[in-house]
Amino acid sequence: MNTEKSINILAIETSCDDTAASVVTLIDGVPTILSSVVSSQIELHRQYGGVVPALAAREHVKNLVPVIDEAMKKAGVSQADIDAIAVTEGPGLIPALLAGVSGAKALALVWQKPLIGIHHIEGHIYANFVRESKVESQKSKDLFPLLALVVSGGHTELVLMNDHFEYEILGRTKDDAAGEAFDKVAKMLGLPYPGGPEVAARAALVTSPARNATTVNNASCSDADWHSVAGGRKSQVESQKSEIESDVSKFKIQNSKFVSRFPRPMIDSGDYDFSFSGLKTAVLYEIRKTAEPDQDEPFVNAICHAFQEAVVDVLVTKTKRAIEEYMPTTLVIAGGVSANISLRESLTTMIQEFPYTTFTVPAFRYSLDNAAMIGSAAILRYARLTTDEREALKQNAIDLEPDANFPLR
Ligand code: KG4
Ligand code: ZN
């Protein structure tokens, strides 16, 4: 283990439709973010109802250099201050990954820096360990054993870690990922891409359970964050909510008349695997059996609510069972669906039964794709290497290739 005090990493992430760069430093063993810049392509892909890989790659190529430049400037660092470069190696869309990997290789070669390839999901897990300012930094706590509920657009897994970078996958989805199911249900309802935040915002109009963030331990995740999860949609959500509340009786009738309780696939399967494709089909049948004029706003909102409830129920039930079996010190959630307030609240309530387990969530800006999470994983990996091992990483400027099926190890 190397003992030097400060390491700076420039991290790059382009696995899907966000071009992101970040400078991360290590203070007392805690990854500390000096800058994090994300250029989103949502508006571009929305018109196609999903991410178009070739378009994503073209946008990455256009945006990567300005995004890196901004991240370096915001961090107040120059090439000489950077010890290593990190980049998402996979999984993801190959054309999109290629853009980031090619840019990172060129920089590593010209600057003569070690280059570290990082697993995208490892990044999401390590988003839970970052701090945002030097002042905030504190010594890293005892985290392990750690259970990670990974819920993104491409992955749904329960992962057990007994130490940094040691992964045991307890279970995974057999078909759709949780985020994918959110996106597909949104599409069936004619809601815009990306579907997850849209479905969540509409589900929130149907009920608003008491919020309780007291047992969540992440200094950078404030209560204000929790309420702004649907991005700039809050005022839209609030106004729709008051519209519905002004005619509660009508809404209730429509709700109970049209919306069934959806199935909870594999909830009692006794293992840690998931399946969301049957749930998606149940939603489709529910939509089909409802006559066109009855598919109004309250109907759409009630479907979103019932669907989200089913997903959250399965995720929380399986996570609870894993906590009972493995008694982890820490529970984290990782991936885009970790921004879902209902999921955060249900896990917060559930974890109160387990006083020995601390529940940690990433701040919302690090729940979705970003490069700070890649820098967080990379800097902890880099810190563990010998000088020779670091030197050997310079060869990645020639050898590194993106891998759509990159395994978590
Ligand atoms: O991690 P992420 O940004 O990209 C992948 O690695 O896949 O996750 C994106 C996924 C999308 O499926 C999106 O709809 C979902 O996360 N998502 C949400 C919410 N915000 C994003 N799903 C449910 N509720 C949300 N608030
Ligand atoms: Zn992601």
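Modeller: Of the 18 residues around ligand 1, those that come nearest are His124, Gly153, Asp183, Gly196 and Gly336; a residue is near a molecule if one of its heavy atoms lies within 4 Å of it. This is a predicted model, in which local features need pLDDT of at least 70 and side-chain atom pairs count only at pLDDT 80 or more, while totals for chains, interfaces and linings use all residues. Residues are numbered from 1 along each chain as its sequence is written, chains are lettered from A and ligands numbered from 1 in the order in which they are written, and side-chain values use heavy atoms, with hydrogens and water left out.

By class, the shell around ligand 1 holds 10 polar, 6 nonpolar and 2 charged residues. In this grouping Ala, Val, Leu, Ile, Met, Phe, Trp, Tyr, Cys and Pro count as nonpolar, Asp, Glu, Lys and Arg as charged, and the others, Gly among them, as polar.

Three helices each supply at least two residues of this shell: α4 (120-126), α5 (178-188) and α6 (195-206). Helices are DSSP runs of H or I with at least four residues, numbered from the N terminus. On the scale of domains, both domain 1 (8-132 + 366-399) and domain 2 (146-361) give residues to the shell, so ligand 1 lies between them. The domain bounds come from an automatic or database domain assignment.

A polar side-chain atom of histidine 120 is 3.0 Å from an oxygen atom of ligand 1. At glycine 179, a polar backbone atom lies 3.1 Å from an oxygen atom of the ligand. Taken alone, ligand 1 exposes 550 Å², and the protein buries 88% of that; such areas come from the Shrake-Rupley method with a 1.4 Å probe.

Helix α13 (residues 372-383) has 11 of its 12 residues buried, so it is largely enclosed by the rest of the structure; buried means under 20% relative accessible area (1.4 Å probe, protein chains only). Among these buried residues are Met373, Ile374, Leu380 and Tyr382. Helix α11 (residues 297-326) reaches 43 Å from its first C-alpha to its last. This helix is mostly covered, with 21 of its 30 residues buried, and methionine 327, which follows it, has a positive phi near 40°.

Note on methods:
A polar contact is a pair of N or O atoms within 3.5 Å; within protein, one must be able to donate a hydrogen and the other to accept it, and residues adjacent in sequence count only if both atoms are side-chain atoms. Buried means under 20% relative accessible area, exposed over 50%, partly exposed in between (1.4 Å probe, protein chains only). The expected span of a helix is 1.5 Å times one less than its number of residues.
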